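Here are a few numbered remarks for someone new to reading structures. Please keep the model open while going through them.

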Amino acid sequence: MGKGGDSAMTAPSKSVDQAEIKKSAANTKYTWAEVKKHVTPEDAWIVYQNRVYDVSDWYEHPGGAVIFTHAGDDMTDIFAAFHAAGSQAMMKRFYIGDLIPESVEHKDEKQLAFEKGYRDLRAKLVMMGMFKSSKLFYLYKCSFNMCMWAAAVAMVYFSDSVGVHVASALLLGLFWQQCGWLAHDFLHHQVFKQRKYGDLAGIFWGDLMQGYSMQWWKNKHNGHHAVPNLHNTSALTTDGDPDIDTMPLLAWSLKQAQSFRELRADGQDSAFVKFMIKWQAFTYFPILLLARLSWLNESFKTAYGLGASSANAEVEMKRSGLQYPFLEKAGIALHWSWMAVLATGFGRFSALYSLSYFLLATCSCGLFLALVFGLGHNGMATYDAETRPDFWKLQVTTTRNITGGHGFPQFFVDWLCGGLQYQVDHHLFPMMPRHNLARAHKLVESFCKEWGVQYHEADLVDGTIEVLQHLAKVSDEFLVDMVKEFPAM
């Protein structure tokens, strides 16, 4: 059992004691095999620049339970991707000793040179000023979004035309999608150095304008960035990517398709699982249409303390609660208030008409949102937690960039995707403002070619076809394996 949780809450009473602890830790050496034994939240060791830290039970981590995705692993690069300069000072109290570099047998000289190469590239981008945001750009984006919202409201307020109302609902769905990208940028702290300002902007664009809880989103999205396309170790764990934790509705690999067998006494797939996996290439888009309804539900539960979307989030909420409890509750309440006024046509619409307007806006937004981030990762490589590659290869091989093509010009793709057309580059440098990603992309692409790392791009049409083909492939593998394993069926 680790001691990180205790060390986070208490400190030696005398400075001489603290000095002795540091001296003792500096003289303590650990092998990689020893580090790998500490992989659970209750007993979590992590490595940063060959120094070992015991962060056991540290749910008070400012970023939440995402820190446990790298328990028993090296967090050097994911730490750099997510934290401002100087953040490592907070880690001093968890320091327990040094890693013996020679004990890391899975890294040869070529791998070490590769890791040094991409760390040098990051340093170069910092020196180029690529992590500095343009406040004028974000003022333009915020203003444009509010104009979309005002137009959708005006179309309902000033018109009695069904066609105009349909257009308003679709525009509102697109507005919510664009709000998602803005909240994403602010909550990745791309815009402000002061993280509180980013959080407050995230509450405006998330809670108030979309009905999404900021803390729910951060818990889910930070976990996704740390371990993209990693499967949970089992159906009972939450150490994988929450964005592909889609069973029993969708499976992104044969292993995931079969993962629910361990939940049943007979060790077989339920009739529901069989049906959903068999037809998942056809149910994919209908499921996307309903995605926003699920996110609204999870956000409401999080903001009002009615439940959590994962085991990690549940513990985090019990231990720390909401970071901004009043603002989150108020933001969600005000969102539903203005939405109720709009969806009812300022009191003119019938209940059925109001519900139709709400569902059209909500379902179209789910499709607009999920289409973009679904293309970002769905159908790309998946890994088991214990066999994941290094940071750079994990981020690059699990991610797809989106280009113009099939009649969609690049400027439209850039606007629609809100920076996530450069999904690979964003995953490598999540704190880089979106307006700098195009320049960084050229350097990233060159680096990948130099080191022979797979780098994939596709346009909106080809990328969607790849996703559907991948789902169909998993379905076929699932059915073939099921017949082999249970031939009497």
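**Notes on a pocket and some salt bridges**

1. The second largest pocket has a volume of about 1100 Å³. Phe-79, Ala-80, Ala-81, His-83 and Arg-122 are the closest to its centre among the 42 lining residues. A pocket here is an open set of points on a 1 Å grid where a 1.4 Å probe fits, with protein on both sides within 12 Å along at least five of seven lines, and lining residues have an atom within 4 Å of a point. The volume is the space filled by probe spheres set on the points.

2. This is a predicted model, in which local features need pLDDT of at least 70 and side-chain atom pairs count only at pLDDT 80 or more, while totals for chains, interfaces and linings use all residues. Residues are numbered from 1 along each chain, and side-chain values use heavy atoms, leaving out hydrogens and water.

3. Helix α5 (109-127) gives the most to this lining, with seven residues (helices are DSSP runs of H or I, at least four residues; strands are runs of E, at least two).

4. The structure holds 19 salt bridges (a side-chain nitrogen of Lys or Arg within 4 Å of a carboxyl oxygen of Asp or Glu). One of them joins Lys-29 and Asp-98 at 3.4 Å, N to O. Lys-29 lies in strand β1 and Asp-98 in strand β6, so the pair ties together parts that are 69 residues apart in sequence.

5. Lys-107 and Glu-115 meet in a salt bridge of 3.1 Å, N to O. Glu-115 is buried, at 4% relative accessibility (buried means under 20%, exposed over 50%, partly exposed in between, with a 1.4 Å probe and protein chains only).
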